[in-house]
Amino acid sequence: MLKFRSPVYFGDSIDTERKRKRLTEKLAGGRHVGKGVTLILYAANGQDLFDLLPARELKFPWRKGEDFYVLGLAGNKAEALELVKRMVMEVYESTGDFDVRGYFGYC
């Protein structure tokens, strides 16, 4: 199940409110989204900052039943890396630390 942080961070290619709404609705409904769409999640191992998950992986059988807390969405992996960079800089500039779970809130 996908849970979305409010507000979700979006990459530059997802530039209109309409695109953002359609993308989040498709993902929440389990429907196919464009090739390359990448989700930015908290790291599953609890030690790293983030995980990048291609949206197509949500269709794999071993992903069914997993819960994901989506912090950001990007149009491709390169854009996701830039978005992660912006997010980490925001955390560091605001807190002087890299505690992303504390800054963004962890569900």
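Rings of Phe, Tyr and Trp (its six-membered ring) count as a pair if their centres lie within 6.5 Å. In this predicted model, Y9, F50, Y103 and F104 form one aromatic cluster, and a search of the whole structure finds six aromatic pairs. The rings of Y9 and F104 are set with their centres 5.6 Å apart and their planes at 75°, so this pair is edge-to-face. It joins distant parts of the chain, since Y9 belongs to strand β1 and F104 to helix α3 (residues 100-104), 95 residues apart. Both Y9 and F104 are buried.

A stacked pair is formed by Y42 and Y69, with 5.5 Å from centre to centre and 10° between the planes. Here too distant parts of the chain are linked: Y42 lies in strand β2 and Y69 in strand β4, 27 residues apart. Y42 has a relative accessible area of 7% and is buried; Y69, at 17% relative accessibility, also counts as buried, because the limit for that class is under 20%.

The strands that carry these residues belong to an open sheet of four strands in the order β1-β4-β2-β3, with mixed pairing. Strands β1 (2-10) and β3 (50-54) stand at the edges, each with a single partner strand, so one side of each has no neighbour in the sheet. From one strand to the next, the twist averages 35°. Strand β2 (residues 38-42) pairs with β3 in the antiparallel sense over five bridges, and Y42 stands opposite F50 in β3.

Helix α1 (residues 17-28) lies across β1, β2 and β4 (68-74) and runs at about 160° to β1.

Notes: Residues are numbered from 1 along each chain as its sequence is written. This is a predicted model: local features need pLDDT of at least 70, side-chain atom pairs count only at pLDDT 80 or more; totals for chains, interfaces and linings use all residues. Side-chain values use heavy atoms; hydrogens and water are left out. Two strands pair if DSSP finds at least two bridges between them. Helices (H or I, at least four residues) and strands (E, at least two) are DSSP runs, numbered from the N terminus. Axes are lines fitted to C-alpha atoms, for helices over the stretch in contact, and angles run from 0 to 180 degrees between N-to-C directions. Contact means heavy atoms within 4.5 Å. Rings of Phe, Tyr and Trp (its six-membered ring) pair if their centres lie within 6.5 Å; planes under 30 degrees apart count as stacked, over 60 as edge-to-face and the rest as tilted. Buried means under 20% relative accessible area, exposed over 50%, partly exposed in between (1.4 Å probe, protein chains only).
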